[in-house]
Structures are given as C-alpha cells and as structure tokens.
Amino acid sequence: MFNKLRNRFLLLNMTLITMVMAAAFIAIFATTYSRTQAENQTKLEAGSFAHTESVAGDPALPPAATSGPSLTQGAEQVLVRHASPGDTISFSVLVNGGGERLSVDSFLEMPDETYDEAARLAWQGWQQGDSFTTFDLGGRRWMAAVHDPAVQETTYTTASGDVHTIVSADTENHLITFLDVTDSSRSLSSLLLTFIIVFIVMLFAIAAISILFANRAIRPLREAWEQQRRFAADASHELKTPLAIITANADALLADEGEPAQNRNKWLGRIKEQTARMSALIGDLLYLSKAEDGALPGTGDVSAAPFDLSRTVADTALSMEAVVYEKGIRLSHNIQPNIHLQSDEESLRRVFTILFDNAVKYTPPGGSISLSLTKQRGHILLCIRNSGEGIAPEHLPRLFDRFYRADASRSSETGGHGLGLSIARAIAEAAGGNLWAESTPGEGAAFFLSLRG
C-alpha cells in the first residue's frame with residue numbers, strides 16, 4: 001500500500017516537474033531562436049539596395065543627372081560593392097524575371113556554379129511564398145531574401161563637386177541577398193543540445209531527490225500504520241485472555257446450577273477479577289489517548305497550578321518503601337528541596353509512580369535503586385536508576401511503545417499491560433518535558449525526566 005502511495009507521489013511530482021522544466025526550456029529556446037532569426041532577417045533587409053557611383057561624363061547616367069549641372073569630363077560609372085567583410089550580408093545576386101543570374105556582388109571567392117545554385121534555391125523558395133529561405137550549400141548554412149522589385153541607389157558627382165543620389169526601382173530584375181548564418185545556427189544547435197543534456201541530468205537528479213524525500217515522507221506514515229496495526233493486535237490479545245476466562249467461568253456457572261455456593265463464588269470471583277483487569281486496561285487506553293491529544297489537566301495555562309515538585313517526588317518514593325523493603329532493595333535518594341513547578345500535580349505524580357514501580361519490578365532482590373531530582377538553569381531533571389540485567393540496545397527505541405515489553409516472558413510475573421511507559425511519556429510531553437531511557441546490559445537501567453522549570 002505504501003509503495004503504491006509513494007509511486008503515485010513520485011509519478012505526480014515528476015510529471016509536474018517535467019512539464020515545468022520543458023515549458024521553461026522551450027520558452028527560452030523559442031525566444032532565443034526568434035531573436036536570432038529576427039536579427040538575421042534585419043541584416044538581409046538592410047542589404048537590399050544595389051549601390052552604384054557615377055561621375056561626370058558617363059552616358060549611362062539617368063536623365064535627372066544629365067539635365068542637371070554639368071559633369072566632370074571623363075567621368076565613369078563605378079559599381080561600389082556593399083558586400084564586404086564588414087557589411088551585414090555575405091553576397092548578393094541580381095537575377096532577371098526568370099531567376100537567371102545577371103551579376104554577383106560578393107567578397108567571397110566561390111565558383112559561379114555555387115552562386116547559380118544559391119540563386120536557384122533562393123528563387124525556388126521565394127516562388128513558394130517564403131519571404132526568407134534557409135538552405136545548406138558548400139558546407140555552410142545560408143539565409144536568403146528576394147527583393148521585388150530590385151531597388152538601385154545611384155550616386156553621382158557634378159563638375160562643381162556636388163554629390164547627388166538617385167533611387168530607382170528596377171521592375172524587371174530582382175536582387176537576392178544572402179547571409180551566412182552558420183555560426184548562429186551552430187549556436188542554436190549547441191544551445192538546444194545543452195538544454196537537452198541539462199534537462200535529462202536534472203530529471204535524474206530530481207528523480208533521485210524525490211525518491212529520497214518520498215521515502216522520508218512515507219516512513220512516518222508507515223511507522224504510524226505499523227504501530228496502529230501492532231496496537232490493534234496487542235489490544236486484542238490483552239482483551240482476549242480475560243474474556244476467555246470470563247466466558248469459561250460463566251459457562252461453568254450455567255452448566256450446573258446445583259454447584260455449592262463456594263464453587264459458584266470462586267467462579268464469580270474470577271469473573272470479577274478479569275472484569276476489573278479489562279476495566280483497568282480500557283481506562284489506561286483512554287488516559288493514554290487523552291494524554292497524547294493534550295487533553296489532560298495541566299496541559300493548558302488555565303488548568304496548570306504551582307506545586308512543590310520536591311515534596312511530590314519524596315511522597316511517591318515514600319509510598320513505595322514497603323515494596324522496596326520486601327524485596328530487600330537498597331534505596332538512596334538525592335532530592336533538591338523547594339523545586340516548584342506549574343503543572344498538573346496528579347498527572348506528574350502518576351509519571352513518578354510508573355517510573356518508580358518499573359524500577360522496583362525489574363530490580364532483583366538485594367539490588368539497589370537511586371533517585372535524584374535537581375534543577376539547573378531553569379531545567380528540572382529527575383533520574384531513577386536501578387541495578388539489574390538492564391535493557392538490550394535493540395529494545396530502547398521501542399521501549400515506550402504501547403503494549404511493548406522488552407522481556408515478554410516476564411509479563412505474567414510483573415503484571416500490567418505494557419502501557420505504563422507509554423502513558424508516562426505522553427504525560428511528560430503534554431507537560432512540555434521529555435522522557436527517555438539509558439541502559440548498559442548487565443548494569444541496570446536509568447530513566448530520565450526533563451521538565452522546564
């Protein structure tokens with residue numbers, strides 16, 4: 001059940017993380033791609049003018065130039081290349097209405113066949129409706145734009161030295177500009193590859209972290225479930241024995257109504273004894289439930305009242321002297337006087353009784369018990385230490401669990417239901433304190449109760 005719950009959690013977590021990461025990476029890449037394409041297209045648009053320079057005396061000058069001021073004699077028309085290593089475009093090709101190359105303006109040294117193929121690919125894409133065409137040629141990647149009509153910018157100088165510019169549209173021919181986008185394409189491919197690698201690595205890393213935290217998150221639920229299951233089994237076992245005894249004695253009473261009164265009273269006494277045992281068990285369970293829910297007196301500011309903790313501990317030890325004397329146990333105590341605490345006295349008295357009774361039960365005849373109560377820097381510490389076999393290290397973590405006994409074989413000898421230490425810890429925590437045990441096998445055990453004073 002818990003494995004299915006963990007797997008569902010992991011599936012949901014990884015799905016959400018994958019969607020968020022994929023959306024972020026796609027958005028970044030799409031933005032970068034769009035910006036790069038826009039920059040390349042802007043460069044192509046900027047190189048759409050064919051530029052010529054004419055000086056006086058050139059018969060090819062446009063009418064506007066010949067009708068103006070006189071030109072310098074011997075002038076000639078010179079084609080000024082705008083395609084140079086410092087310009088935005090790589091080269092341009094002037095084609096006619098059929099897409100055939102007329103002239104090339106380029107600073108690159110490439111065969112005429114390469115220019116023809118580039119013009120053909122660009123012209124083919126333009127006819128298919130693409131404003132900008134991207135293709136691979138000569139081991140490089142190119143972007144091309146066909147400008148319709150071709151725009152020609154003519155600059156001439158008059159005899160007096162004045163410079164004039166005429167912009168005219170050539171409706172018969174088209175200018176195709178080309179831009180080398182190999183580096184930008186490689187940058188985009190490298191960025192895409194980086195995103196994919198980072199995405200995969202992050203998925204594995206997040207999956208490992210998610211599994212770790214999922215196991216940690218499930219562990220308390222698993223432990224709580226195991227405790228509940230164990231509690232139900234232990235409670236059923238504790239109730240099963242007295243119920244079986246009650247049933248057997250009731251059947252004996254019903255089987256023969258002519259039994260002597262002495263036998264009938266014996267069976268009735270057993271029924272009453274087991275009923276009292278079940279009542280005590282149910283009472284302890286209810287008390288433990290209230291303690292764990294913080295519903296005991298003294299757990300709130302209104303119910304708490306100041307009392308002399310030193311006297312309460314001393315009175316508890318005094319009430320156990322008869323049992324200690326019967327077992328021949330040596331009792332020593334060091335109780336610091338006048339330690340006062342604001343809490344519920346009866347609840348804490350029950351804690352002291354449980355701890356002291358537990359020490360007496362597990363101390364062998366002729367052993368020793370030491371009791372100390374001290375207060376330092378606002379912290380109160382009670383320690384009850386007893387000699388004996390001690391508690392094995394593997395039992396210490398579960399010592400305060402419900403119905404748990406470190407030595408189940410002694411349950412019939414010591415009595416009880418295994419709820420005493422659970423109740424003691426619940427009361428201690430409800431009072432804002434802490435209860436724990438320390439033990440060395442063969443040297444006895446010690447229980448410590450820490451309270452804020």
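The structure is a predicted model, in which local features need pLDDT of at least 70 and side-chain atom pairs count only at pLDDT 80 or more, while totals for chains, interfaces and linings use all residues. Residues are numbered from 1 along each chain as its sequence is written, and side-chain values use heavy atoms, with hydrogens and water left out.

The chain has 10 helices and 16 strands, where helices (H or I, at least four residues) and strands (E, at least two) are DSSP runs numbered from the N terminus. Of its 453 residues, 35% are buried; buried means under 20% relative accessible area, exposed means over 50%, and partly exposed lies in between, with a 1.4 Å probe and protein chains only. Contact means heavy atoms within 4.5 Å, and among contacts between residues at least 6 apart in sequence, 69% join residues at least 24 apart.

One part to look at is an open sheet of 5 strands in the order β4-β3-β9-β6-β5, with antiparallel pairing; two strands pair if DSSP finds at least two bridges between them. Its edge strands, each pairing on one side only, are β4 (101–106) and β5 (132–137). From one strand to the next, the twist averages 25°; for such angles, axes are lines fitted to C-alpha atoms, for helices over the stretch in contact, and the values run from 0 to 180 degrees between N-to-C directions. Helix α1 (residues 2–46) packs on this sheet, where it touches β5, β6 (140–147) and β9, and its direction makes about 55° with that of β6. Helix α3 (residues 112–127) lies across β3, β4, β5, β6 and β9, and runs at about 145° to β5.

Within this sheet, β3 (residues 91–95) and β9 (residues 174–180) pair in the antiparallel sense over 5 bridges, and Val 95 stands opposite His 174 in β9. Strands β5 and β6 are likewise antiparallel, over 6 bridges, and Thr 134 has Met 143 in β6 as its bridge partner. These two strands form a hairpin with 2 residues between them, and Gly 138 in the turn has a positive phi of about 60°. In a regular strand the side chains alternate between the two faces of the sheet.

His 147, whose place is in strand β6, is buried, with a relative accessible area of 8%, and a polar contact of 2.9 Å joins its side chain to that of Thr 177. Thr 42, found in helix α1, counts as exposed because its relative accessibility is 51%, and its side chain reaches the backbone oxygen of Ala 38 at 2.7 Å.

Another open sheet is formed by 5 strands in the order β11-β13-β14-β16-β15, and its pairing is mixed. The edge strands here, each pairing on one side only, are β11 (330–335) and β15 (434–439). Neighbouring strands of this sheet are turned by 10° against each other on average, direction ignored. Strands β13 (residues 368–376) and β14 (residues 379–386) run antiparallel and are joined by 8 bridges, with Ser 370 opposite Arg 385 in β14. Helix α6 (residues 309–319) packs on the sheet, touching β11, β13, β14 and β16, with its direction at about 175° to that of β13. Helix α10 (residues 420–430) also packs on the sheet, touching β15 and β16, and its direction makes about 135° with that of β15.

In strand β16 (residues 445–452) lies Phe 447, which is buried, with a relative accessible area of 4%. Leaving aside neighbours within four places in sequence, Phe 447 is in contact with several residues, including Leu 355, Asn 358, Ile 384 and Trp 436. Phe 447 and Ile 384 are 63 residues apart in sequence but 5.4 Å apart in space, C-alpha to C-alpha.

Terms used
A polar contact is a pair of N or O atoms within 3.5 Å; within protein, one must be able to donate a hydrogen and the other to accept it, and residues adjacent in sequence count only if both atoms are side-chain atoms.
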